[in-house]
Amino acid sequence: MTTLATPPGGAAEGAGGGDGEPDDPGEDGDAAGSPSSAGGGRSGYGGYGRFVGGKVLGSLGSLLFVLVVNFFLFRVLPGDPARTLGRGRFRTEEQLNAFRSQYGLDQPLFTQFFTYLKNTAQGDLGVSLRYRVPVSDLILDRLGTTLLIVGTSTVLATTLGVYLGVVSAWNRRSLVDRATTSSTLTLYSMPEWWLGLIFIATVGVGMGFFPGVFPTGGLHSTDVAPGFVNGVLDTAWHLVLPVLTLTLAYLAEYALVMRSSLLDEMGEDYLVTARAKGLRDVDVRRRHAVRNAILPTTTLAAINIGFVVSGAITVEYVFSVPGLGLLAQEALSIPDYWVLQGTFLVASAAVIVANLATNLLYGALDPRVRT
Amino acid sequence: MSAPASSPETAGSDAAGPVLTARQIVHRRRLDGLGRGWREFRGNTPGVLGLVVLSVFALIAVFAPLLADPEGLKVTQAPGGVLEAPSSQFWLGTDENGRSVVTLLIFGSRISLFVGLLATTISIVIGTLVGLTSGFFEGWPARVLFRMTEWFLVVPFLPLALVLATVLGRSLWNISLVIGITSWSGTALLIRSQTLSIKERPYLERARALGAGRWHQMTRHVLPNVMPMVFANTTLMVAVAILAETTLSFLGLGDPTRVSWGSMLDGAFSVGAMTTRSWWYIIPPGVCVVFVVLSFTLIGQALEEIVNPRLRTRR
């Protein structure tokens, strides 16, 4: 069998742009703490246990640092937090004091931090200044919609992106390749929400040749016929444009990464061997080349799932879809600090967990990354 | 133009003619390297195309006051009606205040490019310093810096930027600072891995044996060798920074007193230019962003290929 896996560290660096490079599971930073394991030579089951322990500890550290940043960023606000957070609503000294004791602002900073840690651990993220409901309730309430949009787009974008990447790499420098590469690069250079605006103006409202077919925002129509099926269909109809926008935004990255990692594979000897064995071109591609080249794309997909919240902010804003992203955007104008803090925490936690899961999976699949 | 071109290992061999000091030789060789790089760059059609497009935008930004009257930016002196369609007087129509969209685009290019460059500078400076330090030194400070790099790499950009921008307030400097602070980690990681590999090369061992201090090693040997990579990375970073500026301005976190392409789109969205079919207010700012970002990306990729010839396979 020639299914030698690509070392993930090497293949990921061909990725198109400069941002969001996936956290290479093959990174060497964790090796520093355990020099003895290299000498031991046996990478058995115990090796994986140590690897898991290290990764879990690292992720917990990252999470703790998110909490620290979250706590202290809002404490370095210029001026008295009670006045800033209260947005000048409090006139008298008693009101200010009441606000301070309600949020524990009269306590020493150290105590406040521990209270914050304790509350967060218990799922208490404060109360929204705008909605007057617990932030955790708001987040749970909005999470489903965002997951639906981002999940659907990720699935569509990975499938289509990988396909486009494979086709253009395999037919390198052909017309198809040129067209795909230039259009994905253009998509990559485009703010995704601008694409959304254009969709709204053309197929949403109707402009020039384009009839206005799709709804321009929201999740539900007011005039929808009663019944569960009608409701689902109506929501799906509303989600077409947001999902299309996000899919196109994600697609570019997958196509570029897939293309460059497949190109890296194409010079390899085992492909010559496969051809020499008399395999058909399709089989060489599907069973040998793509199988080895798909690893970086898998990493990218796994990590992108973590970027659920961040990806949705602008698109949900443009299409007024009531998800987590819109929640964060709405919080900006107030500014609703607790909501911002909460969404930032959830957004970071999602990425950290997705990263951890990817790393652990890699460690289980490929012993070489368990350095 | 990376290691072999500028490393002093082969010094002396080509010092024919007048006797040159070591520094002069190094200087001459770096110039040669730059010349070679430029010739290679000229062979890269997409990169040259990007450079041409970018130069046009740069000229527009520099000579903005000559191309359009700055008075046209004042809401109170707006010459046209609300969201007027394109005409011979207003080539791309007017915005919701009656200002000419062309004037806004011309002056917007200044802010978008300025913020993009300033944010990149901040990001590259932080990234290079952190990367060099965490790669060159050993012990716990380096490890802490590396952990921080990893953290910033993982934390989602937009939510962190939103939180930072809200805390800092809205101004040109702050938006650049926010983008810079949130985007240096990729650079730092790149520089760190380069530094780690350069540190082990024989000529650095030689320098150490001759008694070179850490500062000398860093500034005279490591930094010149990572610089080409930093340069390529910078160009790609500007693309990211300009996109980030556009997005943050669109979300209303830009400097409210200045016009950028992002804030124009914010205005267009707020007045519902999509529903009024005012395409002239939505399409042009976005097209400008795409052109500039694409140019920087193409130039950056061309430079990357020169620095790292292994990447040439992707063309």
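What share of the contacts in chain A between residues at least 6 apart in sequence join residues at least 24 apart? In this predicted model, the share comes to 71%. Here is a walk through both chains, starting with their overall make-up.

**The two chains**

Chain A has 371 residues, and 41% of them are buried. Chain B has 315 residues, of which 46% are buried, and its count is 13 helices with zero strands. Read from the N terminus, the elements of chain B go α-α-α-α-α-α-α-α-α-α-α-α-α. The C-alpha trace of chain B spans about 75 × 50 × 35 Å along its principal axes. As for contacts in chain B with a separation of 6 or more, 71% of them come from residues 24 or more positions apart.

**Where A meets B**

How many residues of chain A are in contact with chain B? There are 51 of them, and they touch 46 residues of chain B. On the chain A side, several helices each supply at least two residues: helix 3 (45-73), helix 8 (175-188), helix 9 (192-205), helix 10 (228-266), helix 13 (308-318), helix 14 (324-333) and helix 15 (337-365). Sorted by class, this side of chain A has 31 nonpolar, 16 polar and four charged residues.

| Pair | Axis separation | Angle |
|---|---|---|
| Helix 6 (140-154) and helix 9 (185-199) of chain B | 8 Å | about 135 degrees |
| Helix 11 (269-276) and helix 12 (281-306) of chain A | within 10 Å | roughly 145 degrees |

Take the chain B pair to begin with. Helix 6 of chain B packs against helix 9 of chain B at about 135 degrees, so the two are oblique to each other. The crossing of helix 6 of chain B past helix 9 of chain B is left-handed. From helix 6 of chain B come B:Phe146, B:Thr149, B:Phe152 and B:Leu153, and they meet B:Ser185, B:Gly186, B:Ala188, B:Leu189 and B:Arg192 of helix 9 of chain B. By class, that contact has five nonpolar, three polar and one charged residues.

Now the chain A pair. Helix 11 of chain A passes helix 12 of chain A in a right-handed crossing. On helix 11 of chain A, the residues making the contact are A:Tyr270, A:Leu271, A:Ala274 and A:Arg275, while helix 12 of chain A brings A:Val284, A:His288 and A:Ala289. The class tally for this contact is five nonpolar, one polar and one charged residues.

Helix 13 of chain B covers residues 279-307, which is 29 residues. From first C-alpha to last, helix 13 of chain B reaches 42 Å, close to the 42 Å expected at 1.5 Å a residue. Is helix 13 of chain B mostly buried or mostly exposed? It is mostly covered, with 24 of its 29 residues buried.

B:Gly108 sits in helix 5 (residues 101-136) of chain B. Why does B:Gly108 count as buried? Because 29 other C-beta atoms lie within 10 Å, and the cut-off is 20 or more. Leaving aside residues up to four places away in sequence, B:Gly108 touches B:Val259, B:Ser260, B:Trp261, B:Met264 and B:Pro285. B:Gly108 and B:Ala61 are 47 residues apart in sequence, yet their C-alpha atoms are 8.2 Å apart in space.

**Two arginines with positive phi**

Most residues other than glycine have a negative phi. Against that background, two arginines in chain A are worth a look. A:Arg132 has a positive phi, near 60 degrees, and its place is in the loop between helix 6 (109-121) and helix 7 (135-170) of chain A. A:Arg132 counts as exposed because it has 7 C-beta neighbours inside 10 Å, where the cut-off is 12 or fewer.

A:Arg173 also has a positive phi, about 65 degrees, without being a glycine. A:Arg173 lies in the loop between helix 7 and helix 8 of chain A. With 10 C-beta neighbours inside 10 Å, A:Arg173 therefore counts as exposed.

Terms used:
Residues are numbered from 1 along each chain as its sequence is written. Chains are lettered from A and ligands numbered from 1 in the order in which they are written. This is a predicted model: local features need pLDDT of at least 70, side-chain atom pairs count only at pLDDT 80 or more; totals for chains, interfaces and linings use all residues. Two residues are in contact if their C-beta atoms, placed from the backbone, lie within 7 Å. Helices (H or I, at least four residues) and strands (E, at least two) are DSSP runs, numbered from the N terminus. Ala, Val, Leu, Ile, Met, Phe, Trp, Tyr, Cys and Pro count as nonpolar, Asp, Glu, Lys and Arg as charged, and the others, Gly among them, as polar. The expected span of a helix is 1.5 Å times one less than its number of residues. Axes are lines fitted to C-alpha atoms, for helices over the stretch in contact, and angles run from 0 to 180 degrees between N-to-C directions. Angles under 35 degrees count as roughly parallel, over 145 as roughly antiparallel, 65 to 115 as roughly perpendicular and the rest as oblique. A crossing is left-handed if the near helix is turned anticlockwise from the far one by less than a right angle, and right-handed if clockwise.
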